[in-house]
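User: I am new to this one. Please take me through the chains and how they touch.

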Amino acid sequence: MNQVQAKPTPKAPPAAVRRSLEGVGSGLLHFILNATEQIMVPIQRRIGVQRMAYVFVLPNLLIFGVFILLPMLLNFYYAFTGGTNLFPQDRPFVGFDNFQRLFTCQDFFQPNTCLEDRFARSMVNTAVFVTSQVALVVLISLITALALNRKIVARGLFRSVFFYPVLLSPVVVALIWKWILQQDGLLNALIVSLGGDRVSFLTSGDWARFWVVIISVWSTMGFYTLILLAGLQSIPAELYEASSIDGASAWTAFRRITMPLLMPTMMVVLVLSVIRAVQIFDVVFAFTGGGPGTATLYLVQYIYNTAFTNLTNLYGLASAASVVLAFFLVVFTLLQLRLGGTTSDVADA
Amino acid sequence: MNFITRTRGRGRLDNSDILTYLYLLLGTVLMFGPVLWLVMSSFKEPAQLVRFPPTFLPYHQETVTVEGHDAPLPLFEVTLEDGSTRQLAQVRRVGIQAQMVDPANPEEIIKVNINQRTPVERVYFGLENYIEGVNRFPFWTYFRNSVIVTVAATALTLLINSMAAFALSKYRFRGRDAIFLLTLATLMVPLSVILVPVFLVITQVGWNNNLLGVIVPGAATPTGVFLLRQYMLTIPDELIESARIDGASEWRIYLQIILPLTRPALAVLAIFSIMWRWNDFLWPLIVLSRNELFTLQVGLNSFQGELQVQWNLILAMTVLTLLPITLVFGFLQRYITTGIATTGLK
């Protein structure tokens, strides 16, 4: 480890992590090092130093190729084949039939006149959900980030409070809210104590849709707040000092300094939240299961249902719907790249 | 409370400060309230859970053993017709009338309108839901599966992502740029887009109903490769050159020089990987269909979907499911939040 200490490290890891890594490190690392070197050194002798790169890249590339790249290509194949057989060799080529089925409607504004009315319904639901959820989450995240960016006591604590729900699993989030919203739940108790009547939040389509938006905002806003807060904190404080010396009001400073300089971050958040919202699935799956009826059936669940839960196993139709979804994602991603965010910002969205 | 007034270096809070604190406090209630409500409810007995309006704290109704009755009887505070109150035990209830006895005098039955009695209760954090839940719901099996998946997948992710990142940042080789571009391009491909073919590949490999099918496919995260590569680019090449001159093998350089220097980025990736894998739902849902292989998330979801929903058990199991991630967050929260703010990934 001498070479390591001779050069300054770019950024010191936190002490706790460093200590634990070093404790386990020294003994285990030497054992692993010696054992694996027995294999690696002969390989290096055979292929040379520069080609060792292939050895390093291989495991990742292999898994990546088999489980991401290959499925991506296969997805197109599925989209153009029919039948209920999973294995590609047994699937007849059907051309654009699957897409035609998805998009055959007498009236495009009435989902129930469509041949595949569940797809049409899921598209409408997704569009409505994305619009309302994104608008709400961006607005609330911005307000929260602005509040957290002020000179306040216990900022770190508040920041963590808003972020905590982001870490909860979708199933847990769904159950927490199901418990609050049930017939005898907390919210109905509040409504009754204020003199109202109990509301069946989970069996009414409109209410279910409404709460899916709220829950989704609740569980994701902390993430966008953090990104916006980072954006706010990168705005140089001198700008505000200068503007206050010039006698500008807080509102003017917000309009003339904060908003323009925060715009790139806002764009990242906007596109990121759209990409996430389009793919809404797990939390709704556990919360309403797509119901009541098709009230909260969104695009990804339509794909999942069509492929895996119906006895029909319409893999081709599901893949065609996946292609439609992928199309939207590509459009939004290109938009994001055009707007100048870095690619890592959209990672694992 | 001096420190509050110090905020703006002026002597007092102005209106916008008060508004800010009000907003943040309201936010705290809305963010933490639902979780707190879940935790409180998880300690309540089934009879208390169906009570309306619900109470915030969990209560337990006192019972008393009365001569001539085998089971302990619930205790009530009864307002009698003459206005006096007495503590009576309820034998049975018929419509709106309750038949009660005085524990001291078990012979005489007193008939009371049910509106004239209130249960005698005390605050009680019972662990019954947890104990019964762990027994009825194969919690430890699911927990073990989740731990295996999370630990194995995170270790595998760190290993193969860092190897690939090392190759992409420190070597010149044919196909390097192509591989890197491919990684960038697929940064955006979520599982939801490739559900069907992934299911086929898993089936072909024979990993249906095998934890490997959950662990391996997601390990080659483009995010991780990208994050680590960007970090490794900042490590000076001279370090590697001088190690080569000293006779170190490439593998030794990777393990003994590159990995230790990449620790901050590895730690960020490790935390994210743990979060992704612990909370992962869609992938295990597709790969696993045998109950004994379920992860906690899939198990919990199937448990709540059963016909007879037993909320007391579900609530306790939900708390147990969110506990590990909450602890991780409690210890590493500053690290997680700054990690996200600087890398923009989740």
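User: In what order do the elements of chain A run from the N terminus on?
Analyst: Helices (H or I, at least four residues) and strands (E, at least two) are DSSP runs, numbered from the N terminus. Chain A has zero strands and 14 helices. From the N terminus on, the order is α-α-α-α-α-α-α-α-α-α-α-α-α-α.

User: What kind of model is this, and how are residues numbered?
Analyst: Residues are numbered from 1 along each chain as its sequence is written, with chains lettered from A and ligands numbered from 1 in the order in which they are written. Local features need pLDDT of at least 70, side-chain atom pairs count only at pLDDT 80 or more, and totals for chains, interfaces and linings use all residues, as this model is predicted.

User: Which helix gives the largest share of the side of chain A that touches chain B?
Analyst: Two residues are in contact if their C-beta atoms, placed from the backbone, lie within 7 Å. By that rule, 102 residues of chain A are in contact with 100 residues of chain B. The largest share on the chain A side is 20 residues, and it comes from helix H3 (residues 52-79).

User: How far apart are the centres of domain 1 and domain 2 of chain A?
Analyst: Domain bounds come from an automatic or database domain assignment. For chain A it gives domain 1 (14-82) and domain 2 (97-346). Six residues of domain 1 of chain A are in contact with eight residues of domain 2 of chain A. Taken over C-alpha atoms, the centres of these two domains are separated by 35 Å.
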